[in-house]
Amino acid sequence: MMSRFRLPSTSSVTTLLAVAALSAPSLALAASTTVTLTPVADSYVSPDGPDSNFGNHGTFIVNRGYAEAYLRFDLSSIPPDAVITAVSLSALAYDGYAYGGDGNVYTSFVADDSWQEMGITWNNRPAPAATPVGEWFLWYDYTPVDKQGVNSSAALIPVVQGEVAGDQRVSFRLHSPGYKTRYRSREYATAAQRPALTITYRDNEPVTVALEPEADAYITGGDHGESTLNYGGEQSLLIDYRWDRKFFLRFNLGSIPAGAHIQAVKLSATAFTGRSPGGDGNVYVYPLWDNTWDEYTITYDNQPWPYWSLLGTWWIWYPSVNPYFDQVGVTEDPAFISVLQTASDATDRRISFRLNGPYYATSYYSREYPDASKRPKLEVTYLP
C-alpha cells in the first residue's frame, strides 16, 4: 500500500494556534449611519374641542383621556433598502402633573399618514395600532422643568423599517392613561427642543463572509486496497492523476442570512507542493448531488458523484527542482453564484464540491492543518 503523503513539519507553537476562534467565519459589516429627523407635522387633539385643531401651537399636550398627540416624520432621506438597526423617539416636556395610576406616555404606530397638521381633530383623528411600540415615563409635581421623554424600544425598528420600504412616512400617537405632560412642538423657536426621531441604519451594501470547510477529505484509487481507505483526518488534500486522487469539500452556509442574495463566490485552496509532467494542469471544480457524505468514512469506492457542470478551474505549476512552496489556487467563476444561491435557499444550507486534475499532481492543506490561514476557503459576497 502506498504510504500517506506527509506535510512539511510545523512547530508545536503553530499547532496551538488551531483554536476555535480561527475557525469562525470572518464577516465584514457595512458602516452605520445615524440621522435625526424632526416632525413634518404634529398636533394634539382633545375631546373638549372635538372639532378643534391645534396644529399651529408651539406646544402639544398628552393628558389622560383629555388630549392625545400625533406626530408624522418624513423618511425619504433614508435609502429604501437601508437596514434599520436602532430607532429612538424623543420629545421635550416642560410641564406636567402626576394624577396617579399609569403615568407612562405610550407610543402607538398610526398606519394612516393622510392626516393634516392643520386639519386633524378629535373627531377625525386616525386610529392607532392596538399594541404600543414603547413608552417613556416623566414625573411632574407643580414645578415646570424641562424633561426629555425618550422611547428607544426595539419595537420601533420593524415599524420604521416597513415605512422606509413603503410610503416613506411614519406617524405615531402619544397618549397616557394617568399623567399630563406638555411638550415643545415642531413650531417651537428653539430647534434643539423640538421632537425628534433618531434612526441608525446601515446601507444594504454587500457583505462578505469567509467560510472554512465543515468537512474535507481526499480519496485515492490503486491496486493495493487504497480504494477502501479513508483519509479524512489528514492535514493534506491530494490531487494526482496517477492514482485518480481527488478531494472533496463541504461548506455550511448557515452564517449567511436566509433570503440573502448571492453576489459573488470565491473558492481557494493553498498548495504546498506538486508535480508538473505536462498536459492539462488545470484543477476542475464540480458541485456534488449529495451533501451527506462523511469526512471519516468517504473512500474511493463509496465516493459521491458530482453534477457534470463545471464551476471553475485554476492552474498551478510546480518545478521539478525544490517543488515545496505555497501557491494559492483560486476560482471566482460566475457559475458559482446560482449554485450557491440554490444551496443557501435549500433546507440543509450546505454545498459540496469535488476537485480533481486530469494530469498535474498538487497537494493542498486541509481544514485539519494548524495554520488557519492556509486552510481552504469559500468567500461568499451577498446582499442581506
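Tutor: Happy to! Residues are numbered from 1 along each chain as its sequence is written, and side-chain values use heavy atoms, with hydrogens and water left out. This is a predicted model, where local features need pLDDT of at least 70, side-chain atom pairs count only at pLDDT 80 or more, and totals for chains, interfaces and linings use all residues.

Student: How many of the five residues of strand E22 are buried?

Tutor: Let's settle the words. Strands (E, at least two residues) and helices (H or I, at least four) are DSSP runs numbered from the N terminus, and buried means under 20% relative accessible area, exposed over 50% and partly exposed in between, with a 1.4 Å probe and protein chains only. Both faces of E22 are covered, with Ala361, Ser363 and Tyr365 on one side and Thr362 and Tyr364 on the other. E22 (residues 361–365) is largely enclosed by the rest of the structure, because the number of its residues that are buried is five of the five.

Student: Which residue of E22 is the bridge partner of Leu238?

Tutor: Two strands pair if DSSP finds at least two bridges between them. Strand E15 (residues 236–239) runs antiparallel to E22, and four bridges join them. In one of these places Ser236 stands opposite Tyr365. For Leu238, the partner in E22 is Ser363.

Student: And which residue stands opposite Tyr364 in E22?

Tutor: For this one, look at strand E17 (residues 261–275). E17 and E22 are antiparallel and joined by four bridges. Opposite Tyr364 stands Ala271.

Student: Are the residues of E15 buried or exposed?

Tutor: In a regular strand the side chains alternate between the two faces of the sheet. Here Ser236 and Leu238 point one way from E15, and Leu237 and Ile239 point the other way. On both sides, all of them are buried.

Student: What kind of pair do the rings of Trp315 and Tyr360 form?

Tutor: Rings of Phe, Tyr and Trp (its six-membered ring) pair if their centres lie within 6.5 Å; planes under 30 degrees apart count as stacked, over 60 as edge-to-face and the rest as tilted. By this rule the count comes to 20 aromatic pairs. For Trp315 and Tyr360 the centres are 6.2 Å apart and the planes are at 50°, so the pair is tilted.

Student: How many residues apart in sequence are the parts that this pair ties together?

Tutor: Trp315 lies in strand E19 (residues 312–315), and Tyr360 lies in the loop between strand E21 (350–356) and E22. Trp315 is partly exposed at 48% relative accessibility, whereas Tyr360 is buried at 9%.

Student: Which helix gives the most to the lining of the second largest pocket?

Tutor: On a 1 Å grid over the protein atoms alone, a pocket is an open set of points where a 1.4 Å probe fits, with protein on both sides within 12 Å along at least five of seven lines; lining residues have an atom within 4 Å of a point. Of the 15 residues that line the second largest pocket, those closest to its centre include Leu288 and Tyr307. Helix H4 (335–345) and E21 each supply at least two lining residues. The most, four residues, come from H4.
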